[in-house]
Number of protein chains: 4
Amino acid sequence: MTSKPIRAIVVGGTGYTGAELVRLVLGHPSTELVSIVGNTTAGQAVADVLPSLRGIVDAVVQPFDPDAVAAQADVAFCALPHAASAEAVSALRQRGQKVFDLSADFRFEDLAVYEAWYGKHPVPERLSEAVYGLVELHREELRTADLIAVPGCYPTASTLALAPLVKNGLIRLDGIVVDAKSGVSGAGRGVSSATHFAETAEGVRAYKAGAHRHGPEIEQELSRLAGEPLKIAFVPHLIPMTRGILATCYAQPADSSLTAAACVEAARTLYAGSPSVHVLDEGEHPDTLWVRGSNRVHLGYAQDRNGQTIIAMSAIDNLVKGASGQAIQCLNVRFGLDEGAGLQAPAQWP
Amino acid sequence: MTSKPIRAIVVGGTGYTGAELVRLVLGHPSTELVSIVGNTTAGQAVADVLPSLRGIVDAVVQPFDPDAVAAQADVAFCALPHAASAEAVSALRQRGQKVFDLSADFRFEDLAVYEAWYGKHPVPERLSEAVYGLVELHREELRTADLIAVPGCYPTASTLALAPLVKNGLIRLDGIVVDAKSGVSGAGRGVSSATHFAETAEGVRAYKAGAHRHGPEIEQELSRLAGEPLKIAFVPHLIPMTRGILATCYAQPADSSLTAAACVEAARTLYAGSPSVHVLDEGEHPDTLWVRGSNRVHLGYAQDRNGQTIIAMSAIDNLVKGASGQAIQCLNVRFGLDEGAGLQAPAQWP
Amino acid sequence: MTSKPIRAIVVGGTGYTGAELVRLVLGHPSTELVSIVGNTTAGQAVADVLPSLRGIVDAVVQPFDPDAVAAQADVAFCALPHAASAEAVSALRQRGQKVFDLSADFRFEDLAVYEAWYGKHPVPERLSEAVYGLVELHREELRTADLIAVPGCYPTASTLALAPLVKNGLIRLDGIVVDAKSGVSGAGRGVSSATHFAETAEGVRAYKAGAHRHGPEIEQELSRLAGEPLKIAFVPHLIPMTRGILATCYAQPADSSLTAAACVEAARTLYAGSPSVHVLDEGEHPDTLWVRGSNRVHLGYAQDRNGQTIIAMSAIDNLVKGASGQAIQCLNVRFGLDEGAGLQAPAQWP
Amino acid sequence: MTSKPIRAIVVGGTGYTGAELVRLVLGHPSTELVSIVGNTTAGQAVADVLPSLRGIVDAVVQPFDPDAVAAQADVAFCALPHAASAEAVSALRQRGQKVFDLSADFRFEDLAVYEAWYGKHPVPERLSEAVYGLVELHREELRTADLIAVPGCYPTASTLALAPLVKNGLIRLDGIVVDAKSGVSGAGRGVSSATHFAETAEGVRAYKAGAHRHGPEIEQELSRLAGEPLKIAFVPHLIPMTRGILATCYAQPADSSLTAAACVEAARTLYAGSPSVHVLDEGEHPDTLWVRGSNRVHLGYAQDRNGQTIIAMSAIDNLVKGASGQAIQCLNVRFGLDEGAGLQAPAQWP
């Protein structure tokens, strides 16, 4: 541990990803939690807003003041809603703060794509400054980035599963399907009948089938790897569980001799130096329970018995590797720490 | 109601589909429950084996005796494991009994396909006698059938979603993907770590990806509709809920002008006289909770924003429309009753 | 079945108890559903508000008009919030309508108790007109009642478990504890963080411990049976499931020779003519899953190994026997029908 | 951190408490995991038995060999079934090993009580050697203990809630009721219909009401605090969640002037130096979700509105504070480490 820990502030710290950021910063050997900022909860005790911190954090939620944040902290994690985040991030960047942004605001290279899905961007001039924080694929750029766009939960799971296949030309670039299943915490802390226990338990359903805004984010990353634009069909589903994403991806092999074993091998090669990724043996299936609460990614590959379709599966915890843990992983890389620092705990199973 | 009700026996009545058969036979206006037969539980009180029948059914589970069954009942529902079922069915058919078999033993026209997936068939000579009990697609043949092979749960959901598209040539026959999500009751009443609450809640995982034996059953029915052999990729998933199947099916349009609205229209036309099927409006997503406990099928159609992929979704209760309710629906058709008799109750929501 | 069915309207039909009322009225052999009335959803399609009715009910939610209700229907079921219900009920009673009210507004004999827990009563003059609709204990009065106050969910479960003990003087009247566990649907359809899936799954907690307004309702009924006022300690808990109440009641035996077997016997005697109640054998434990979706009550009795404490347990479905099914049961009694008409289906298990 | 970590072996490491022990030992700053011992899984890869350790632990489950354990490790955690544990513990103690035993075998001072509930004790002569590992109440004795009997999950939750009241004479010693609710992981990893997802979800039920063997364990500890023998009524319930115990305890005040606020105060005084315990404010209710995955105990106190009954509530994670975390807490005390070492992480919420 360094003698001077990295001082961190969590802006928007009172939702689910904020709670996870606080937990991870508290448990990290090289970071210090300076304060928790929240718009609607400012002035309340942190422990009243985040009940898991009762008896642990004795502080009050602070209103957002970019000068104060810049003065007190070395880094800011922003877990604000889209657009609101861009404003806050911009204010912090003006003050020279390193920012890890969990919103979508800085994930897209192409402003037009962003605006087609999220509306007008408040500070488009900063897009070029950002690096996409999928560590396994952008590790080198992240070492010097000061504005890091932490990926979405679905794009993290989906891209990591497909990257070895796309990058190595193992699959055809047309006809890729991503069928993703998410726990309810992915919908955030806001209340609605879509998250009401009674209307969610014992139900599984797709939502925004073919029209979810994580689709273009996945396409951006896969196109980058492919070296040419590609399109996917992306359908997310809501599952009666709190945490976890399983992405089941379907693609046609580029060559009829492709085997699942070759996919496993390609993934193991690509992720050889990636402490968060574990590639299962051929024939094994990832399970979100096996990674719950951890920053780990479990990948699995299978082939349909007809030999036509490759099935790539990926399990993550949407709040950890799909959000807050990945933000910490980015910090580790940016500050030259061990990539797994503070993230090595196995899942709490069961 | 006829003055003489149809006397029914449930063979293998002490698992989950058996329990549902008993519930449905008891609530049916034209059937009478004669007895419940179970191999391993013979001699126990029915109410000890099926606790929902406490205070309702005052009987003892009977051992299987084909002569007694044939003497006492007009019809037998068989809810036995594969292969064991074929033996029992054959014994009952020899005695002239009408049989509704919930196993896979008589679902396949092609013995080779059956034996590739289930092993040696005890009475292959009876395969030709059976009619596949997917009422919406085989209604006319069922009116005179005496051996009815009630479809599997995944094939019911998947085939009904895809049938309007395949039958009308709206989609290409190659590259069809079925990503299915099932509640845990689909694994049956047997205990294993795969059904242990602690290892199932908060977890979602695929199993037998690309290699589940319901794949060829779906292919048989879709090939029949297509008029030519087709292959699909089929991946089932286990979901932390008790009941329900959601099948999300992906296919490429045969013609680039195909719209989701046209798919909705095709489905509404095909299922116009089918009381169990409801086709949602374009843009709506079926939810297993909306059909839980009922014999209903909710279908929905969407198109990926890139215009490449058609998404067909189907929600059923795996124990009702996916098993026992469908068996009753077959009985209704076979005996000239209203197709929805005893099956009209809406889902218990929430 | 009578040639002229009883015409029923459900006022406040778009919450969970309303949905169950609609389901039960539709499935009842002697009732006809005339319309569904809802304040905030008037003008919307019923099937949009209650998705389980897609393809089944083709009607629009009606605004509340007491003249229209009185003209069209023989009976009204009111499933409105407290106080709003009293107003609606009064308007209907003025027009001579028979009303089954699921709110608390007419459950209390003592106005002061009502107002201490619910606030000012809009029409206190009507309290004396009402009969408490716990059929097993008020069957005779209900045969002629025109304003029926359907009991709360917790009071139904708790009172039925304790009634045989209190009525027969088997237990001491001081020191009774009711520890009740409810599924989340008991909190209604309104959204809040208390019903958010992510904050409810994997959590169990008491709420309003010792201060819930169902406490005095239980006390009213038990005091009536005891012939003297008694007080209980009542603590409800929220459980991560959708439906069901388990009430575990603790009391000290009046006489040290009391056995659990004697409690079972007392319950079987008291409920001998009650088709909804099933008393388990000594040593068996009721389970909410065993009654889910049904109007049944399972009661069980045990004694602590130290011989000091009697444990009375009761399982119901909070939306059926704890609300809508009980309302139908009241209607059956009021109209001289079989008490179990439309309510005989066993639970959907599992 | 010391330069020489404490070398630990987990005997019986392949069930749920074993998995948690491994996770906690791996994350502890002063311990080193030497090996994992398992009877039935010896020879298998640890990562195949405990899937959360895929990619983390590259070792094989070892057969139990007391000489090897004593040679390789400074301490052994035993997570074996009752009776089997006593044999293993005795073998290890003979070799001078410090042992933290998670079974019931050494929890009882009175051999007769043990044998009444668990059967014949294999090594009764060692009972006197053991210290009961409820750190908050036995801290001083634990500093020198070499055989530590880690308490049961229910006794941990129940005793901590009631201890401040009993120790300070605030409540009457007769008539105490403990109504406890446990997640399904408390039943262990063994499969049975009682843990089958489909028969557990949507169900809540008591089991062994008044006759569970954790009752006498609670009585032992409370009697010790009271200075005289007392008896309680103890009823455990199974709840459809994986982790967590909520104990709701009911007692009569010794003096009618007792308030919930005084109970809160007594608890805060007793647990002033206990880093794992947090006492909520009067009127707040503990929630198992708020402590899930952590070693924390949340206590809350309320009083029934009638002023008769004190309600003491306690929430823990049954696998952490109720088992493996508590074992680590004992180790910390035994080795003079910070009591919270390796246990300070807040719950993973939600």
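Start by selecting chain C and looking for its open sheet of seven strands, which has mixed pairing and runs in the order β8-β9-β7-β10-β13-β12-β11; strands (E, at least two residues) and helices (H or I, at least four) are DSSP runs numbered from the N terminus, and two strands pair if DSSP finds at least two bridges between them. What you have open is a predicted model, in which local features need pLDDT of at least 70 and side-chain atom pairs count only at pLDDT 80 or more, while totals for chains, interfaces and linings use all residues. Residues are numbered from 1 along each chain as its sequence is written, and chains are lettered from A, with ligands numbered from 1, in the order in which they are written.

Colour the two edge strands next, β8 (205-206) and β11 (277-279) of chain C, each of which pairs on one side only.

Now show chain D beside chain C. Chain C can be laid on chain D by a turn of 180° and a shift of 0.0 Å along the axis, with an RMSD of 0.0 Å, where copies are superposed by least squares on the C-alpha atoms of residues with pLDDT of at least 70 in both. The two copies are therefore related as by a two-fold rotation axis. To find that axis, select C:P240, the residue of chain C that comes closest to it, at 3.2 Å for the C-alpha. The same surface serves both copies, since 100% of the contact residues of chain C recur in chain D; two residues are in contact if their C-beta atoms, placed from the backbone, lie within 7 Å.

Keep chain D and bring in chain A, where the contact takes 25 residues from each of these chains. On the side of chain A that touches chain D, helix α1 (residues 16-27) of chain A gives the most, with five residues.
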